[in-house]
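Please keep the viewer open as you read.

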Amino acid sequence: MSEQKRIRLSGAAYRKQKLKRDEEIKKNSVLNNPETHSKIILEESNTLEVTDNLKEVGNSEQTSDSIDIFNNEINTTLEENTNIKYNENENNISDPGTWSAIFSDSLRLQLVKIGPTKPNKDFKYPRDALNRRFPISILSKALKNGEVIERTWLIYSVKNDVVYCFCCKIFSSENYALTKFGCNDWKNVHNIVKEHETSKIHFISLKKWMELSARLNSNQTIDAAHQRVLNNGTRHWQNVLERLMAIIEFLGKQCLPLRGTNDVLYENNNGNFLGLVQLLAKFDSIHNHYLGKGIQNEIIHLLSRAIKNKILEKLKNAKYYSIIVDCTPDKIRLEQMSITIRFVDINRDTKKVDICEHFLGFIPVDITTGQELTNAILSELKVNKIPIQDMRGQGYDNGSNMKGRNSGVQKKILDINSRAFFVPCHAHTLNLVVNDTAKSSTGASKFFIQTQAIFVFLSGSTRRWAVLKKHITQLTLKPLSEIRWESRIDAIRPFRYQTGEIFDSLYEISQDTSFDQITRLEAESLAKKIKNFNFVCCVVIWHSILNQINLASKVLQKSFDKFLKDAETIALELDIEASFTQQISIRPRKKKTVFFSYEQPDEPIINLKTKFKVELYFYILDVALNSLEERFEQLHNHCDNFKFLYDISSLKSITKDNIVKNCMDLQLLLSENENVSNSDIDAIEMTDELVAISELLKPNSTPLEVLQFIVNNNNFVPNIAVALRIILTMPVSVASGERSFSKLKIIKNYLRSSMNQERLSDLATISIEKEVMGNLEFKSLLIDFAQEKARKINFI
């Protein structure tokens, strides 16, 4: 039986059959695309260029086998295209292995906008069965002249461990190694990439990629009408938000309330915010609507966050910083902790050196123990990504929970960072010295009680105050401050210079029968207290102490006789005898006491002048001096450590050994846990720097002036610069925290007591940091917000 011969197709017939099958594949791919019937945004060619890569074989069996294999590949491809589930949301844009096999216009646009993701050279690429892996060297190409160019179109899939051609993956439908399935033949990948980059299909895809990128840059990729709607919507929201931000900025800087009792536009009592919106709407039609009350908090937080980011950016460049913390109750009796940071800002462009103190916010605290306050401070630093190890100073008031040596906040933070030096507030310290002095003596306490009683009596009635104003034409009576003792000078000064007029006012009231009997008796009692030489002496002494508290320790010890002469002048004016009177006081009954032979009973002081001098004046001075020494001890220690840097120009008259000793001590002080290898400065280098710069400075140059000189000369003595930055970073007082409390009382008053904590802190930041707020660029804040709002518009 003769063997039946196979019919062998001619080359032309085989190419015709292959072209027909390719057209069927394309037809099925297009029918399975859900966007086939939508408007095609991109105009690209759908013509497939067919190349015949199959070689003719010599026998009919091999030809038939090749046709069968090809048919199987076509059926597999059709099955894959038919079963594709198109979902762009599941695509991982950074990994080409997860991209959909069918590219929609929106996905293609997104990928071209982002561009190819460059493979990470530090990534540990997996090895295949032949112990080979993706070679980094194929990411660049060496030219004949030695130059190297990057193959930016090569992208790597971590998911599939293959390499693709970015442009061919997106724009080509051919089934090449670097196009559809990728290539992981790491042994021959160099030759494959070299052949691919010179192929015709690569040049076509590369051209389409470049053209689409150019169209994207010129906004010519989508329908013109839709583009105009999108741009108009974006501009609209930008203009709206820019005006709303300007309104909130104005109200925030002036500490004015935003909302009223009504949240509806063009209705009464709708608040300052909507009132200004209505005002602008008269001249700008873009404002004839209201975005909703939630937009206020969003914009307030947006502005506050931008201010804080600006501050933190400056702090990052400064490195070293100090914290200033103080607490006070708000209107609803919630303890509010104010945090302020202090650092030295050096402008790299203008080379200007500034000491900056910036407000970070209010933090509510329920428990005011040292541990709880420390936790709150550390938490706030962590939220703002401020490293605790760069802290070089702590500034608090003199409360025991803040300055305590065992469990205070300063000790807790020192345990974490030994270089976060605590510097007590000198203003609070001075105030507490006066407080200790005033409460030390019974006579002093009685004096202040009497002066406050006189003020309360005369100010408690408009008639009585009118009588006082008739006699006093210059200074008026003021109440005693419960917090600021040194401010009590304002309450004592009228008694110092107008005691006679105050006595005349009380005497007139006591003799005026139009007043009721109780008022007249009270006025008579207060007048008798004034017409007393002990009271007059206390007026003169306390006026001098409060008026010159910073010189009290040196001046007052030699001033008792002068005080007596001033008191005698006032006594002559009041027509009273300039002599001390015996004060009647309660005392226990006398009991017979048995003394030993060597003991003698205490001899009482008979002279009233001496008794007043010993029991009141000297006692006050002793308490004041002891309190000054105790409370300023830490401040003296700080000065001892850094005093040689406060006048560097004078070091040229000091021996080098002394300079070395001071630098070594400072290096140890600025070391972490006394480990000099982690010190902020190098003592040996700093010694040479001090010797050199002391000859160049003007006499009596301040640390700030020296640092400015160093910065102007390109930081030629870096160790001195670091030491001076640390000195200038340390806080001197907590006045910045006190000023933030003034804003707290204005913002959260009794009418706005229900304000939430975030809004309170944000409004305080806008009000306090006016200068930073004024330098913000609104456009950079509006872009993301405006685009988000524009996407909500229905373009159909």
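D161 has a relative accessibility of 14%, so it counts as buried, the cut-off being under 20%. You will find D161 in the loop that links strand 3 (154-157) to strand 4 (162-165). Its backbone deserves a glance too: phi of D161 is near 55 degrees, a positive value in a residue other than glycine. Bear in mind as you look that this is a predicted model.

K319 also has a positive phi without being glycine, with a value near 75 degrees. K319 sits in the loop between helix 9 (294-318) and strand 5 (321-329). At 37% relative accessibility, K319 counts as partly exposed, because that class lies between 20% and 50%.

Now turn to two loop residues whose side chains reach backbone nitrogens. The loop between helix 4 (166-171) and helix 5 (189-197) holds S172, and the side chain of S172 reaches the backbone nitrogen of E174 at 3.2 Å. With 12% relative accessibility, S172 counts as buried. Setting aside neighbours within four places in sequence, S172 is in contact with C167, T179, I201 and S205.

N417 belongs to the loop between helix 12 (409-416) and strand 9 (421-422). Its side chain reaches the backbone nitrogen of R419 at 3.1 Å. N417 has 0% relative accessibility and therefore counts as buried. Beyond its neighbours within four places in sequence, N417 touches I388, Q389, D390, M391 and R392.

From loops we can move on to helices. Where is P494 found? It lies in helix 16 (residues 489-511), and at 1% relative accessibility it counts as buried. Between P494 and L477 there are 6.2 Å in space, C-alpha to C-alpha, although the two are 17 residues apart in sequence.

Next, look at a pair of helices. Two packed helices are described by the angle between their axes and the distance between the axes. Helix 14 (residues 442-459) and helix 17 (residues 517-530) pack at an angle of about 145 degrees, and their axes are 11 Å apart. On the helix 14 side, the contact is made by Q450, A453, I454 and F457; helix 17 contributes T519, E522, A523, L526, K529 and I530. The crossing of these two helices, helix 14 and helix 17, is left-handed.

At the start of helix 28, a side-chain oxygen of N756 comes to within 3.4 Å of the backbone nitrogen of E758. Helix 28 is mostly covered, with 9 of its 12 residues buried. Those buried residues are R759, L760, S761, D762, L763, A764, T765, I766 and S767.

Finally, step back to the whole protein. How many helices and strands are there? The protein has 30 helices and 9 strands. Of its 796 residues, 43% are buried. Among contacts with a separation of 6 or more, 69% join residues 24 or more positions apart. The accessible surface comes to about 45,700 Å², and carbon and sulfur atoms account for 51% of that surface.

Conventions:
Residues are numbered from 1 along each chain as its sequence is written. This is a predicted model: local features need pLDDT of at least 70, side-chain atom pairs count only at pLDDT 80 or more; totals for chains, interfaces and linings use all residues. Side-chain values use heavy atoms; hydrogens and water are left out. Helices (H or I, at least four residues) and strands (E, at least two) are DSSP runs, numbered from the N terminus. Buried means under 20% relative accessible area, exposed over 50%, partly exposed in between (1.4 Å probe, protein chains only). Contact means heavy atoms within 4.5 Å. Accessible areas come from the Shrake-Rupley method with a 1.4 Å probe; for residues, only the protein chains shown count as cover. A polar contact is a pair of N or O atoms within 3.5 Å; within protein, one must be able to donate a hydrogen and the other to accept it, and residues adjacent in sequence count only if both atoms are side-chain atoms. Axes are lines fitted to C-alpha atoms, for helices over the stretch in contact, and angles run from 0 to 180 degrees between N-to-C directions. A crossing is left-handed if the near helix is turned anticlockwise from the far one by less than a right angle, and right-handed if clockwise.
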